[in-house]
Each structure stands twice: as structure tokens, then as C-alpha cells.
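Me: Please take a close look at one part of this model for me. I would like the charged pairs first, then the strands around them.

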Amino acid sequence: MENFDKKNWFNNRWENPDKKRYYQTILQQNLFGDWEIVKVWGRINSNLGRHMVEPCDSYKSAISRLEQINKLRVKRGYTAIISNGAIH
């Protein structure tokens with residue numbers, strides 16, 4: 001278990017205006033102090049959407065995973081809208 005470190009929590013969002021879709025990741029710690037990535041996706045301007053929580057072994061592995069997600073989003077035509085985290 002790690003100590004809580006909110007300055008390392010990140011929120012990133014990508015949008016694809018052509019498909020009217022969004023994808024968002026939130027890097028945070030759970031109640032046990034373990035790192036996890038919350039992934040949220042859906043249609044822009046809709047209350048419907050889905051989410052999934054991906055546990056990470058460490059902070060370093062979480063950052064690596066966020067970089068992979070960013071590359072995939074850009075490859076699929078998404079543009080970063082919010083990036084207050086480790087990726088740009």
C-alpha cells in the first residue's frame with residue numbers, strides 16, 4: 001500500500017468530433033492506495049457511456065499505460081481536449 005499522493009492524480013480527455021465520441025482517463029489511487037486508471041468513453045452530449053477500472057502494479061506502470069492509451073487515441077483520430085497529466 002502506498003501513501004495517497006493527489007498531486008500525481010491525472011485527468012486526460014480526448015474527443016473525436018467526426019464520430020462524436022469521447023474517451024477519458026483518470027489516474028488515481030483507490031482506497032487501499034493502489035494505482036488505477038479509470039477509463040470512461042461514450043458519445044458526446046449523451047448521458048449514456050461506459051467505464052472500466054484498470055488496476056496498475058505501480059505508478060510507473062500506470063504512466064506507461066497512459067502513454068499507450070494516448071498513442072492509440074491519436075491513431076484513431078481523437079484530439080486531446082484536457083491533459084493535466086503525464087501525457088501531452
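Reply: Lys39, Glu54 and Arg65 are linked in a network of salt bridges. The model is a predicted one, and every value here is computed from it.

Take the links one at a time. Lysine 39 and glutamate 54 meet through their side chains in a salt bridge, 2.7 Å from N to O. Lysine 39 lies in strand E3 (residues 35-43) and glutamate 54 in strand E4 (residues 49-55), so this pair ties together parts that are 15 residues apart in sequence. Both lysine 39 and glutamate 54 are buried.

Glutamate 54 also forms a salt bridge with arginine 65. Here the closest N and O atoms are 2.9 Å apart. This pair links distant parts of the chain: glutamate 54 sits in strand E4, arginine 65 in helix H1 (residues 59-75), and they are eleven residues apart.

Arginine 65 has a relative accessible area of 26%, so it is partly exposed.

The whole structure holds three salt bridges. One of them joins the side chains of glutamate 15 and arginine 13, at 3.0 Å from N to O. Arginine 13 is buried, with a relative accessible area of 17%.

Strand E1 covers residues 10-16. Six of its seven residues are buried, so E1 is largely enclosed by the rest of the structure.

E1 pairs with strand E2 (residues 21-29) in the antiparallel sense, over seven bridges. In that pairing, arginine 13 stands opposite glutamine 24 in E2. E1 and E2 form a hairpin, with four residues between them. Lysine 20 in the turn has a positive phi of about 55°.

E1 also pairs with strand E5 (residues 79-83), again antiparallel, over four bridges. There arginine 13 stands opposite isoleucine 82 in E5.

Last, the segment before E1, which holds asparagine 8. The side chains of asparagine 8 and tyrosine 59 are joined by a polar contact of 3.5 Å. Leaving aside neighbours within four places in sequence, asparagine 8 is in contact with Leu27, Trp35 and Tyr59.

Conventions: Residues numbered from 1 in each chain as written. Predicted model: local features only at pLDDT ≥ 70, side-chain atom pairs only at ≥ 80, totals over all residues. Heavy atoms only, no water. Buried < 20%, exposed > 50% of the residue type's maximum accessible area, 1.4 Å probe, protein only. Helix = DSSP H or I, 4+ residues; strand = E, 2+ residues; numbered from the N terminus. Pairing = 2+ DSSP bridges. Polar contact = N/O pair within 3.5 Å; in protein donor to acceptor, adjacent residues only side chain to side chain. Contact = heavy atoms within 4.5 Å. Salt bridge = Lys/Arg side-chain N within 4 Å of Asp/Glu carboxyl O.
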